[in-house]
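Take a look at the chain below. The walk-through starts with its aromatic rings, moves on to the sheet and ends with helices and single residues.

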Amino acid sequence: MQERFRTLRQAGELGIVAYLTAGDPSLDATLEFVLALAATGADVIELGVPFSDPLADGPTIQRASERALKSGTTLARVLDLVQRIRKSSEVPLVLFSYFNPILQMGLEKFASTAEAAGADGVLATDLTPEESDDYRRVLGAHRL
């Protein structure tokens, strides 16, 4: 991902960061959407991990999370999706999540699984900088 931003900066160009809620309407559809976005010029893709109580998100993402959860999407299945994407694309992928699903999985297990799947970064949208020391240390050790 850093290389992508470096290339854009050197060319004096702006990048396109696309966001999708993973699993809306299905994980198979999300795979197709990601590959289409990558093929048409998205520089980075954020994969939103659906959460049952996305209070900080607007109504569009709230509804997308509801649909994704109804289709059976979980953090583990989003990580599997990242691995499937990597079979066809090297577009930088950032997991966009609330901290609770990461914490429930276990920080170390999440980080090692995300790294092995091929994720490039993680945004835990509700984790404050003051409380993020362990998070940053563990994810950094896994090159996320």
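**Rings, sheet and helices**

The count of aromatic pairs comes to three. The rule takes rings of Phe, Tyr and Trp (its six-membered ring) with centres within 6.5 Å; planes under 30 degrees apart count as stacked, over 60 as edge-to-face and the rest as tilted. Tyrosine 19 and phenylalanine 96 form an edge-to-face pair, because their ring centres are 5.3 Å apart and their planes stand at 75°. This pair links distant parts of the chain: tyrosine 19 sits in strand β1 and phenylalanine 96 in strand β3 (residues 93-97), 77 residues apart. Helices (H or I, at least four residues) and strands (E, at least two) are DSSP runs, numbered from the N terminus.

This is a predicted model: local features need pLDDT of at least 70, side-chain atom pairs count only at pLDDT 80 or more, and totals for chains, interfaces and linings use all residues. Residues are numbered from 1 along each chain as its sequence is written, and side-chain values use heavy atoms, with hydrogens and water left out.

Buried means under 20% relative accessible area, exposed over 50%, and partly exposed in between (1.4 Å probe, protein chains only).

Phenylalanine 51 and tyrosine 98 make a stacked pair, because their ring centres lie 4.8 Å apart and their planes are at 25°. Phenylalanine 51 belongs to the loop between β2 and α3 (59-70), and tyrosine 98 to the loop between β3 and α5 (99-105), so the pair ties together parts 47 residues apart in sequence. Both phenylalanine 51 and tyrosine 98 are buried.

Now the sheet. It is open, has four strands in the order β1-β2-β3-β4, and pairs in parallel. Two strands pair if DSSP finds at least two bridges between them. The edge strands are β1 and β4 (121-124), each pairing on one side only. From one strand to the next, the twist averages 25°.

Strand β1 (residues 17-21) and strand β2 (residues 44-48) pair in the parallel sense over five bridges. Threonine 21 has glycine 48 in β2 as its bridge partner. Between these strands the chain passes through helix α2 (residues 27-39), and this β-α-β crossover is right-handed. That term applies if, with the strands pointing away from the viewer, the path from the first strand over the helix to the second runs clockwise. Next, β2 and β3 pair in the parallel sense over four bridges. Here glutamate 46 has valine 94 in β3 as its bridge partner.

How do the helices pack? α2 and helix α4 (residues 75-86) pack at about 40°, with axes 10 Å apart. Axes are lines fitted to C-alpha atoms, for helices over the stretch in contact, and angles run from 0 to 180 degrees between N-to-C directions. α2 and α4 are therefore oblique to each other. Angles under 35 degrees count as roughly parallel, over 145 as roughly antiparallel, 65 to 115 as roughly perpendicular and the rest as oblique.

Two single residues remain. Alanine 39 lies in helix α2. Its relative accessibility is 68%, so alanine 39 counts as exposed. Alanine 39 and valine 91 are 52 residues apart in sequence and 9.1 Å apart in space, C-alpha to C-alpha. Serine 89 is in the loop between α4 and β3. At 11% relative accessibility, serine 89 counts as buried.
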